[in-house]
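Have a look at the model first.

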Amino acid sequence: MGLDVPRNTHNQFGSNVTLVNVDMFPGLNTLGIALARVDYAPYGLNPPHIHPRATELLTVIEGTLLVGFVTSNPNNRRVFPMGLIHFQFNIGETNSVAFSSLDSQNPGLITIANATFGSNPPINPYVLAKAFQLDKSVMNYLQQKI
């Protein structure tokens with residue numbers, strides 16, 4: 001209910017995800033599906049993330065999105081396979097709206113920046129500095145921002 005209503009995108013990313021899964025709509029129990037509406041302000045971003053338990057199909061309803069994912073198989077251009085990092089960025093000067101269909105009643109979400117720089121307890125900054133080939137002070141800064 002309410003997926004026809006645009007959501008507030010006044011935040012640091014300029015986007016808002018409205019998820020409908022089994023926790024919000026018990027009628028989805030055992031159906032293996034979830035749905036999300038994603039609203040984007042101009043130049044809004046749905047940051048790099050993964051769904052550990054679902055493949056996602058994204059349909060752009062309004063606007064123009066730059067959509068990408070990290071994979072070794074470049075032939076999957078319309079579907080974000082389970083567990084692959086992906087993102088959406090509104091490259092237009094107007095609002096955008098997209099709907100995501102997910103093949104799990106509980107797809108899960110892991111935002112890459114939060115998992116990497118905002119974990120609790122934090123990942124040792126020396127580990128991150130070596131992994132990203134950056135100075136430890138940069139890692140400390142990023143961990144404080146998340």
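Predicted model: local features only at pLDDT ≥ 70, side-chain atom pairs only at ≥ 80, totals over all residues.

Q: What makes up the secondary structure of the chain?
A: There are three helices and nine strands, in the order β-β-β-β-β-β-β-β-β-α-α-α from the N terminus. Both kinds are DSSP runs numbered from the N terminus: helices are H or I with at least four residues, strands are E with at least two.

Q: Why is serine 96 called buried?
A: Its relative accessibility is 1%, and buried means under 20% relative accessible area (exposed is over 50%, partly exposed in between; 1.4 Å probe, protein chains only). Serine 96 therefore counts as buried. This residue lies in strand S8 (residues 96–102). Contact means heavy atoms within 4.5 Å, and beyond four places in sequence the contacts of serine 96 include Val38, Tyr40 and Leu65.

Q: Why is the pair of phenylalanine 69 and phenylalanine 80 called edge-to-face?
A: Rings of Phe, Tyr and Trp (its six-membered ring) pair if their centres lie within 6.5 Å; planes under 30 degrees apart are stacked, over 60 edge-to-face, and the rest tilted. The centres of phenylalanine 69 and phenylalanine 80 are 5.8 Å apart and the planes stand at 80 degrees, so the pair is edge-to-face. It links strand S5 (residues 65–69) with strand S6 (residues 79–80), the two residues being eleven apart.

Q: How do you know whether phenylalanine 80 is buried or exposed?
A: Its relative accessibility is 2%, so phenylalanine 80 counts as buried. Phenylalanine 80 also belongs to the largest nonpolar core, together with Val38, Tyr40, Leu58, Leu65 and Ala98. Such a core is a set of buried Ala, Val, Leu, Ile, Met, Phe, Trp, Tyr and Cys residues joined through side-chain atoms within 4.5 Å.

Q: What makes the pair of phenylalanine 117 and phenylalanine 132 tilted?
A: The rings are 5.6 Å apart, centre to centre, with 35 degrees between the planes, and the pair is tilted. Phenylalanine 117 sits in helix H1 (residues 112–117) and phenylalanine 132 in helix H2 (residues 125–132), 15 residues apart. Phenylalanine 117 has a relative accessible area of 13%, so this residue is buried, whereas phenylalanine 132, at 42%, counts as partly exposed.

Q: How do you know that aspartate 39 and arginine 37 form a salt bridge?
A: The rule asks for a side-chain nitrogen of Lys or Arg within 4 Å of a carboxyl oxygen of Asp or Glu. The closest N and O atoms of aspartate 39 and arginine 37 are 2.9 Å apart, and the two form a salt bridge. The count comes to one salt bridge, and both partners are buried.

Q: What makes lysine 136 a charge over the ring of tyrosine 126?
A: The test is NZ of Lys or CZ of Arg within 6 Å of the ring centre and within 35 degrees of the ring normal. The charged end of lysine 136 sits over the ring of tyrosine 126, 5.2 Å from its centre.

Note on methods
Residues numbered from 1 in each chain as written. Heavy atoms only, no water.
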